[in-house]
Amino acid sequence: MCNEFKHSMILHFDMTDLGMMSHFLGMEVKQSPNGTFICQRRYAQEVLSRFGMLDCNVVKNPMVPGTRLSTDKEGVKVEETLFKQLVGSLMYLTVTRPDLTYTVSLISRFRTSPTTTHWLATKRILRYVKGTINFGIWYKKGIDSLKLLAFTDNDYAGDLNDRRSMLGFVFMMGTGAVSWASKKQTVVALSTTEAEYMAAALCACQCVWLGRILKKIGVKDESKIAIMCDNNSAIQLSKHPVFHGKRKYIDVRFHFLRDLVNNRVVQLNFCNSQE
């Protein structure tokens, strides 16, 4: 497939075949007989150097567990342009670093009016990057099953300003992650069940899209895509009409999930929060 694509492109464009890819837009690709490893080690070093954090002390997590950031109107303002540049650099780093997605998404909310509190939280992310600069994603060769597996979770009412929840999901295929996201929900949920249900619904939409992409490139899997969720009530809500009827005030588009479950496109399974 790759050779056919290159040949068809050469017929229409003036191209040179440079062989196996090793660097692409700041990403490093290391290919071996056992598999492929992608990372952004060099780009991360450039970001640390640019913001004067090459010699900083490392930490083991990008944010202290339980931290809640909010708009700090009384805090000391920091340079807005510099803060936006740092957030933008970290956002590009999430291309190969799913472990940074939640915290980077969180601090990006305060780009228009950053304070010292937000700046310190951002610098902690850089300290974490310094200690994990060689992290990336490993795709092992020769995996028998290329079945998609999704994990979804929700931080109920995590935003202190508008009490909206933060959702996140990641898709695993083989030995590595292939798609992930972390974002704030567009509506306020009245319970953890609603928050988890809406997060699973958005994850299911991504399931459908990824399934179509895989089918286009020749990876056919007729089985249901498993979505791992840590809320049993949300799982029951997707299966049983009696529960569905009690939650009609949830936005209609989120009931798309129930149709996918009934049509055996996706399957919601319970997963402990620790997993």
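Mentor: Partly exposed denotes a relative accessible area between the limits for buried, under 20%, and exposed, over 50%. The model is a predicted one.

Trainee: What makes E80 count as partly exposed?

Mentor: E80 has a relative accessibility of 33%. Buried requires under 20% and exposed over 50%, so E80 counts as partly exposed.

Trainee: Why is the contact of E80 and K84 called a salt bridge?

Mentor: The N to O distance is 2.9 Å, and the rule asks for a Lys or Arg side-chain nitrogen within 4 Å of an Asp or Glu carboxyl oxygen. The pair therefore qualifies. Both residues lie in helix α3, 4 residues apart, about one turn of the helix. K84 is likewise partly exposed, at 37%.

Trainee: How do you know that R41 and E28 form a salt bridge?

Mentor: Their closest N and O atoms are 3.5 Å apart; the cut-off is 4 Å, so the pair meets the definition. This pair links distant parts of the chain, with R41 in helix α2 and E28 in strand β2, 13 residues apart.

Trainee: Why is E28 called buried, and what is R41 called?

Mentor: E28 has 4% relative accessibility, and buried means under 20%, so the label for E28 is buried. R41, at 25%, is partly exposed.

Trainee: What makes R97 buried?

Mentor: Its relative accessible area is 3%; the limit is under 20%, and R97 is therefore buried. R97 forms a salt bridge with D99, with the closest N and O atoms 3.0 Å apart.

Terms used:
Residues are numbered from 1 along each chain as its sequence is written. This is a predicted model: local features need pLDDT of at least 70, side-chain atom pairs count only at pLDDT 80 or more; totals for chains, interfaces and linings use all residues. Side-chain values use heavy atoms; hydrogens and water are left out. Helices (H or I, at least four residues) and strands (E, at least two) are DSSP runs, numbered from the N terminus. Buried means under 20% relative accessible area, exposed over 50%, partly exposed in between (1.4 Å probe, protein chains only).
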